[in-house]
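These are my notebook entries on a structure that I had not examined before. I set down what I looked up, entry by entry.

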Amino acid sequence: MQKIFAFIGLVLLQTLILNEVYLFGFVIPYVYIMFLVLLPPHANRVQTLILSFILGLSIDIFESTGGIHASATLVAAYFRPQLLHLTFGLSYDYQTLSIKHEGFFKKMTYVALLVFIHHSVLFALEVFSFDLWRLFLEKLLLSSVFSILLIMLMMSLVKKKLR
């Protein structure tokens, strides 16, 4: 039940509030991928891919973006197990990983990698031109920084609320 509320809450937060925030005129923080971060580390891979596709598609429907969010979220979900292994190592391998109990640096690394993969695909599909490589890099770097900061802030607030 918590997953459903998190899913709906993040979609509404993204579409109703954050999509109206344009930092520097073109930067939008995308925090809806926090849903992927909050999924249990050893969640069923097929279910994770399906949920991530539906999550991205929900954003695409609200924004009329033609599937770029669904594609980016699906790619991020596909690489999620490798990122978990890379970031958390043996605790992921032995299925003892609990992200909420991990240190700040490991969480930040995991979130940053997931956001960077998501945003790379998203902005590559959005810009879709080699002539606009500078715009792509600006959007990638600035949106990633703001998205990572907001996700880490929201995770710390959720963690405090659950105590």
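**Entry 1: a buried histidine**

I looked up His-119 and found a relative accessible area of 0%, so His-119 counts as buried. His-119 has its place in helix H6. I then listed what His-119 touches, leaving out residues up to four places away in sequence: Tyr-30, Ile-33, Leu-140, Ser-143, Ser-144 and Ser-147.

**Entry 2: confidence in the model**

I note that this is a predicted model. The mean pLDDT of the chain is 88, and 91% of its residues reach 70 or more. I asked which element of the chain has the lowest mean pLDDT and which the highest. The lowest belongs to helix H5 (residues 90-93), at 66, and the highest to H3, at 95.

**Entry 3: the largest nonpolar core**

I turned to the largest nonpolar core, which has 39 residues. Tyr-110, Val-111, Leu-114, Ile-151 and Met-155 are the residues that touch the most other members of this core. I recorded which helices each supply at least two residues of this core: H1, H2 (34-38), H3 (45-63), H4 (68-88), H6 (104-127) and H7 (133-162). H6 gives the largest share, eight residues.

Apart from its neighbours within four places in sequence, Val-111 is in contact with Val-37, Ile-148, Ile-151, Met-152 and Met-155.

Is Gln-14 buried or exposed? I found a relative accessibility of 0%, so Gln-14 counts as buried. Gln-14 is located in helix H1. Not counting residues up to four places away in sequence, Gln-14 touches Asn-19, Ile-28, Pro-29, Tyr-30, Val-31, Tyr-32 and Ile-59.

Phe-5 is found in helix H1. Its relative accessibility is 57%; because exposed means over 50%, Phe-5 counts as exposed.

**Entry 4: the salt bridges**

How many salt bridges are there? I count two.

One of them joins Lys-139 to Glu-126, with the closest N and O atoms 2.2 Å apart. Lys-139 lies in helix H7 and Glu-126 in helix H6, so this pair ties together parts that are 13 residues apart in sequence. Lys-139 has 12% relative accessibility and therefore counts as buried. Glu-126, at 35%, counts as partly exposed.

Another is formed by Arg-134 with Glu-138, where the closest N and O atoms are 3.5 Å apart. I noted that both residues lie in helix H7, four residues apart, which is about one turn of the helix. Arg-134 counts as exposed at 57% relative accessibility, whereas Glu-138 is partly exposed, with a relative accessible area of 28%.

Notes. Residues numbered from 1 in each chain as written. Predicted model: local features only at pLDDT ≥ 70, side-chain atom pairs only at ≥ 80, totals over all residues. Heavy atoms only, no water. Buried < 20%, exposed > 50% of the residue type's maximum accessible area, 1.4 Å probe, protein only. Core = buried A, V, L, I, M, F, W, Y, C linked by side-chain atoms within 4.5 Å. Contact = heavy atoms within 4.5 Å. pLDDT = per-residue confidence, 0-100. Salt bridge = Lys/Arg side-chain N within 4 Å of Asp/Glu carboxyl O.
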